[in-house]
Structures are given as C-alpha cells and as structure tokens.
Amino acid sequence: SVQCPVDGNVYTPQVTMANASPTHHHPHHKGSVHHSHSVKTQLANQFEVAEKKMQALLKDTRQLNSIWRSMDYNGNGLVSLAEMDGCVTESFKELNNKPALMRAYKATLRNPDGYVHKTEFKVLLRNMFYFNKLYTLYEVVDTDHDRRMDLTEFRSGVSFLSLKLTPAEAFDEFNFMDANGGGQVLFDEFCKWAAGKKLPVD
C-alpha cells in the first residue's frame, strides 16, 4: 500500500490550477451504487507500473536531478505549479489529474514564497503519486462523476479505501468530512480527511 505522506493541516487554499481538465459527467442514480473486487484490482494494476517507476526514480540521484532540471525549466531553483504541471504532462502522463496535482503541490509547500524548493522535490514526487491514486479511488466512489461524494456513495465505497466501517461509523466519518453540512464531500475535503487519518492507499 502507499502510505499517506502528509497530514491534515496542509489544506489551506493557496493556489489554483489554470485550465484544469473538466471531468466528464455520466448520469447514474445515486441510490444504486455497486462496486466489484475486479474494479479495485484493475486500479491496482493501473498504478503498479507508475509506483515502480516512482520508487526507482526516488533512488536514482542522477535521474532525480534530470527530472528536477526538466521541471525547473527556467533554472531559478524553484518550481511553480505551472512548471510542475508541464513536467507531468511530458514525463508522468499517468499522473496527469489536475485536482490531484493541485493537492500534491499544496501539500508540499513549506515556504511562504509559494514555490517548491529542490529540498522538497522528493516530497513533491511522493505527494504526486499518493494524491493521484487517492483521486482515482475518489472518482470510483463518486459513481455519478459529479465531483461530489454523498453518503450513499461513501458507504458503498469504503472497501476501496481499505476501511472496515459499520453504516453508523461511515455516517460519522462522512459527517466529519462534510464540514459545512451540505451533504456532499468535495475532493479537497476528502483529501483533508484522508491525510488527517494517515490513510494508506492499497
């Protein structure tokens, strides 16, 4: 499993992803949520190659430096959100989910200048992978693909998050995520909850 690399206190909106790719909407009835083990297996296989690539990269100093130079294309020692996005589009196509990249960037920031520094580069790469996998699982649980997860979807999808919750426990967790009480959980709220629980992603 992929261990959560961050905690829940990193999510204050600081940046926005320009020209984020829209999610296509597919109508489904929220009352009929079904998941299968094969779907989770398919997702695991989808990320297996990306995970091996990332693990190898984190151990290869020469390749890390090469990717950093590619990402920091103006050579100022700092990486902006746009620079990260451009590098991912070229070198990590399997991780090119805009909401996940935005969360990864925000979770990595440690300096008030709003840029990722080279000392934070490995953290950024780990966050890119973790939040992309989390985003993929979120999309599976969000069966009508409206980028809003409701209680029915969450209760039906907890097994995809490697959680064992009773209906009552799922209700409590959902209400904890749904801070404004609107009955729907956005990806940002979901990320904050997952990071706060140090949720591993299988």
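**Close-up views of a predicted model**

**View 1. Phe131 in helix α5.** Phe131 lies in helix α5, which spans residues 121-141, in what is a predicted model. With a relative accessible area of 0%, Phe131 is buried, since the cut-off for that class is under 20%. Leu101 stands 30 residues from Phe131 in sequence, yet the C-alpha atoms of Phe131 and Leu101 are 7.3 Å apart in space.

**View 2. The chain as a setting for the close-ups.** Eight helices and two strands make up the secondary structure elements of the chain, and their order along the sequence follows the pattern α-α-β-α-α-β-α-α-α-α. The chain has 202 residues, of which 45% count as buried.

**View 3. The largest pocket and its lining.** The volume of the largest pocket is about 220 Å³. Its lining is made up of 10 residues, and those closest to the centre of the pocket are Pro99, Arg103, Arg147, Phe187 and Asp188. Two or more lining residues come from each of the elements α4 (98-108), α5 and α8 (187-196), and the largest share, three residues, is given by α4. By residue class, the lining of the largest pocket divides into seven nonpolar and three charged residues, with no polar ones.

View 4. Helix α2 covers residues 61-71, and its buried residues are Leu64, Ile67, Trp68 and Met71. When α2 is seen down its axis, these buried residues fall within an arc of 105 degrees, and they therefore line one face of the helix. At the N-terminal end, α2 is capped by Asp60, a side-chain oxygen of which lies 3.2 Å from the backbone nitrogen of Arg62.

View 5. Most residues other than glycine have a negative phi. His145, which is not a glycine, has a positive phi near 55 degrees, and its place is in the loop between α5 and α6 (151-157). Arg147, likewise not a glycine, has a positive phi of about 60 degrees, and this residue too is placed in the loop between α5 and α6. His145 is partly exposed, with a relative accessible area of 22%, and Arg147 is also partly exposed, with a relative accessible area of 31%.

**View 6. Two buried cysteines.** Cys87 counts as buried at 3% relative accessibility, and Cys191 counts as buried at 0% relative accessibility. A disulfide is a covalent bond between the sulfur atoms of two cysteines. With a disulfide taken as a pair of cysteine sulfur atoms within 2.5 Å, the count for this model comes to zero disulfides.

Terms used:
Residues numbered from 1 in each chain as written. Predicted model: local features only at pLDDT ≥ 70, side-chain atom pairs only at ≥ 80, totals over all residues. Heavy atoms only, no water. Helix = DSSP H or I, 4+ residues; strand = E, 2+ residues; numbered from the N terminus. Buried < 20%, exposed > 50% of the residue type's maximum accessible area, 1.4 Å probe, protein only. 1 Å grid on protein atoms, 1.4 Å probe; cavity = no way out; pocket = protein on both sides within 12 Å on 5 of 7 lines; lining within 4 Å. Points joined across faces, edges and corners; volume = space filled by probe spheres on them. Nonpolar A, V, L, I, M, F, W, Y, C, P; charged D, E, K, R; others polar. Arc of directions from axis to C-beta. Polar contact = N/O pair within 3.5 Å; in protein donor to acceptor, adjacent residues only side chain to side chain.
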